[in-house]
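Here is a walk through one structure, from the contact between its chains to a sheet inside one of them. Keep the view open while reading.

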Amino acid sequence: MAASLQSAALLSNRIDPHRRLFAPPARSLPGRKGSILVVRSDGRISGRLSGRNLITNAVAAKADTPTSSTDSKPGHELLLFEALREGLEEEMDRDPRVCVMGEDVGHYGGSYKVTKGLAPKYGDLRVLDTPIAENSFTGMGIGAAMTGLRPVIEGMNMGFLLLAYNQISNNCGMLHYTSGGQFKIPVVIRGPGGVGRQLGAEHSQRLESYFQSIPGLQMVACSTPYNAKGLMKAAIRSDNPVVLFEHVLLYNLKERIPDEEYVLCLEEAEMVRPGEHVTILTYSRMRYHVMQAAKTLVNKGYDPEVIDIRSLKPFDLYTIGNSVKKTHRVLIVEECMRTGGIGSSLRAAIIDNFWDYLDAPIMCLSSQDVPTPYAGTLEEWTVVQPAQIVAAVEQLCQ
Amino acid sequence: MAAVRRLSAVPIRRCHPLLLLRPFSSAGSEPSITVETSVPFTGHKIDPPSRSVETTPSELLSFFREMSLMRRMEIAADSLYKSKLIRGFCHLYDGQEAVAIGLEASITKKDAIITAYRDHCIYLARGGTLVEAFAELMGRRAGCSKGKGGSMHFYKKDSGFFGGHGIVGAQVPLGCGLAFAQKYLKEGTVTFALYGDGAANQGQLFEALNISALWDLPAILVCENNHYGMGTAEWRAAKSPAYYKRGDYVPGLKVDGMDVLAVKQAAKFAKEYALKNGPMILEMDTYRYHGHSMSDPGSTYRTRDEISGVRQERDPIERVRKLILSHELATASELKDIEKEVRKQVDDAIAEAKESPMPDPSELFTNVYVKGFGVESFGADRKEVKAVLP
């Protein structure tokens, strides 16, 4: 992959004499002046796009594209946690080596009900209630995976997995490499993270940024019942260790998903809403803030393209790149911290690969670098709100 | 190999049926020898096994050969390190050979062993070859982990050796996970998770022990107590250095780790116990002659007299040598020949390992992920071939 990135960088090294160098934007800067010539993908040229041309058919909707759920096929409606459970159950039926371990996943049914009903069905040896010992039960899951079992390790809250960081980083991520390929570690490490409803600082952590540099891990974030089930199944079937990030506030989302079996690709991003003016890259809960902002943006005359990147490691640079080549402007909206977050890596990857296609610096909206406060109003302001997304797009498209 | 000479006053006993199954013993018609361990076992919440251990002449001779091989390998690694062919960290096992050999004598290759970074000799005991070991130490292609693991990451999947881990104590939960898988898959085998007296203070060890005891996993935690956690003596690190007792509700056994027959007996006992009742702790009272690693002279926190005292009185190879000589299973010169053979074997292996080239630069990126299994997978640039779901 490094080789392909370097070759891509070589390809895009042509210097465009019309480019100007822009300073990296900060969120608090007032709007920049400057006229930007936007050449659309169909050859039309437009100037400043402010408050004209209501695009009537670009209604912002949650999941309106072929890659997500379909209304035409009969399916069944369920909530996101039920979709996760369905995926888990189907995989446990299919492969007897799949087992679940975590705190209160068995008799209690899971603190977010993802594993409800599985323990009576599969027994105590396949759905294992562990004591509160993340370091060791994560290690045990990895040890079991070395012999061929496929454990699904649940952290009751992603933040608790910090206690197991050594096991995840050193043993999970690295064993395949340091053993020269002898051992595979097909674990799935999953759990809810993200800022919830006033859960306090330690229960509102986003660990994507901590795990992203561990070599050997794959990370995915689900956001809808459709992709939750598909990603869960794909993660279980993958022979690589996968960290599946769920979000505390998304568990009760309802959607209609197909009846037939489907597995999504772990490395693929999801096109939520195609558009022309700006590419908005997001994942997990921020997808919904973006779509809310998209409604406002559409009414103001913008046509944002929204991509749910889903795969946090590795990035789906193919989908992202195609989008950047079309729109030439990128806004990243994420929930993790600004410092060292997914957005900063994504920004670097886009700059490395698609610099010549950018007409404006990449903007990144992330959570504030603060512990999440308890007070509701303060907590609201640690994460990105739709109004900020609208303002950022307006600034980007000037 | 020396033929069996006449046995002296030891009565010839019928072969114990278990002797036939062990890899070290030859045909069942060999007379068995009963030896008493030098120190009795001490049990914690369990009745210790008997001090009398059955063995055979060929087993004793193989013990001698294997331990000499290990000793020679470690000393050769020492000089390779000093000539900068081995870099980084190199933790040597000389003095502790009896633990590795004694364990192997009672178990099969289907049982799992996992240990920390002092793993060269256990790798050999599990069936690894000298060439692979030296090549890995020197970072060459022929190494057991293709040169990408190093001294602390020896693995041998096909004979149940799971490494080889650098972080102190992290291998114990892994070991309990191996035991969990053995129980899940109903294999009827056990896992020995080895750790040191330094790692015995890690919290994850007690967490894993708790879970193993709760779920009745066939895990045997073996504390190789060489009395020093790098530079810190055990009495300075642990309030209760009786590591076999620290399992509390989990029974424990204290074993003289310099006596290969005692280790063999304890391992056999522990395996039988663990298959029926769940986890157990074995504490091996052993000693390392070298320092913690090659960067540690090993003499700043202990006296040279102590080291040479242990070497004179408790050295595992000398014990077996005395046993062999007293039972007249071989002459002293035959044993010296074995040592010369072993030395040559090690030298040849080093020469062969030196010829192996360094890994190809493309190996930097291989084995980071497992590609092409199970799901449609492709790289971010979508250039790689997709694998289709089974």
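**The interface, then the sheet**

In this predicted model, chain A and chain B bury about 4600 Å² between them, and 65% of that area lies on carbon and sulfur atoms. Three residues stand out on the chain A side. Met140(A), Tyr177(A) and Gln182(A) supply 16% of the area that chain A buries against chain B, more than any other three residues. In residue terms, 61 residues of chain A are in contact with 51 residues of chain B.

What about polar links? Between chain A and chain B there are zero salt bridges.

Which elements of chain A build its side of the contact? Several each supply at least two residues, among them α1 (2-11), β4 (98-102), α5 (165-173) and α10 (317-327) of chain A. The most comes from α4(A), with 10 residues. Sorted by class, the side of chain A that touches chain B has 27 nonpolar, 22 polar and 12 charged residues.

Now turn to chain B. Six of its strands form an open sheet in the order β2-β9-β10-β6-β5-β4, with mixed pairing. The edges are β2 (42-44) and β4 (112-114) of chain B; each has a single partner strand, so one side of each lacks a neighbour in the sheet. From one strand to the next, the twist averages 20°.

Look within that order at β6 (residues 219-225) and β10 (residues 280-285) of chain B. These strands run parallel and are joined by six bridges. Asn225(B) stands opposite Asp285(B) in β10(B).

Notes:
Residues numbered from 1 in each chain as written. Chains lettered and ligands numbered in written order. Predicted model: local features only at pLDDT ≥ 70, side-chain atom pairs only at ≥ 80, totals over all residues. Heavy atoms only, no water. Pairing = 2+ DSSP bridges. Helix = DSSP H or I, 4+ residues; strand = E, 2+ residues; numbered from the N terminus. Axes fitted to C-alpha atoms, helices over the stretch in contact; angles between N-to-C directions. Contact = heavy atoms within 4.5 Å. Buried area = accessible area lost by both parts, 1.4 Å probe. Salt bridge = Lys/Arg side-chain N within 4 Å of Asp/Glu carboxyl O. Nonpolar A, V, L, I, M, F, W, Y, C, P; charged D, E, K, R; others polar.
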